[in-house]
Amino acid sequence: QVQLQESGPGLVKPSQTLSLTCTVSGGSITTSYYSWSWVRQPPGKGLEWMGIIRSDGSTYYVPSLESRTSISRDTSKNHISLQLRSVLPEDTAVYYCARQVVALRVYDYWGQGTQVTVSS
């Protein structure tokens, strides 16, 4: 069974870089059937899709976050990583990683999420 587990610091100071890791078990992140995304949910708001990394390593980001966001992978560890630079208090959210079934463009597996608070 596929499992996704997010990890990273729960507290980040403004202007710093947020770094999160998604550890994937039960399946390879390089399989062409799937892509991998980061999604966040600020308190009291809906889900916000941040970006995606495809099986060939190419990436795409939501335009509003593109200048501050990087998604990468470590195929040896089966990890997906997120970096969000120059964070603001508005970046406080629960951050999720999720697997997309490419052919259907639906997300079938999600991590449990990790709370990140941006505060000095």
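**Questions on an all-strand chain**

Of the 120 residues of the chain, 40% count as buried, meaning under 20% relative accessible area with a 1.4 Å probe and protein chains only. The model is predicted: local features need pLDDT of at least 70, side-chain atom pairs count only at pLDDT 80 or more, and totals for chains, interfaces and linings use all residues. Residues are numbered from 1 along each chain as its sequence is written, and side-chain values use heavy atoms, with hydrogens and water left out.

Me: How many helices and strands are in the chain?
Reply: Helices (H or I, at least four residues) and strands (E, at least two) are DSSP runs, numbered from the N terminus. Along the sequence the pattern is β-β-β-β-β-β-β-β-β-β-β. The count is zero helices and 11 strands.

Me: Which strands stand at the edges of the open sheet?
Reply: Four strands form this sheet in the order β1-β3-β8-β7, with antiparallel pairing; two strands pair if DSSP finds at least two bridges between them. An edge strand has a single partner, so one side of it is left without a neighbour in the sheet; the two are β1 (3–7) and β7 (69–74).

Me: Which residue in β8 is the bridge partner of Thr23?
Reply: Strand β3 (residues 18–25) and strand β8 (residues 79–84) run antiparallel and are joined by six bridges. In β8, the partner of Thr23 is His79.

Me: Which residues touch the most other members of the largest nonpolar core?
Reply: A nonpolar core is a set of buried Ala, Val, Leu, Ile, Met, Phe, Trp, Tyr and Cys residues joined through side-chain atoms within 4.5 Å. The largest one has 27 residues. At least two of its residues come from each of β3, β4, β5 (48–53), β8, β9 (93–101) and β11 (114–118). Those touching the most other members are Leu18, Trp36, Trp38, Ile80 and Tyr95.

Me: Is Ser35 buried or exposed?
Reply: Ser35 is found in strand β4 (residues 34–41). Leaving aside neighbours within four places in sequence, Ser35 is in contact (heavy atoms within 4.5 Å) with residues including Ile52, Ala98 and Val102. Its relative accessible area is 4%, so Ser35 is buried.

Me: What radius of gyration does the chain have?
Reply: The radius is taken over C-alpha atoms, and the globule rule is 2.2 Å times the number of residues to the power 0.38. With 120 residues, a compact globule would have a value near 14 Å, which agrees with that of the chain, 14 Å.

Terms used:
Buried means under 20% relative accessible area, exposed over 50%, partly exposed in between (1.4 Å probe, protein chains only).
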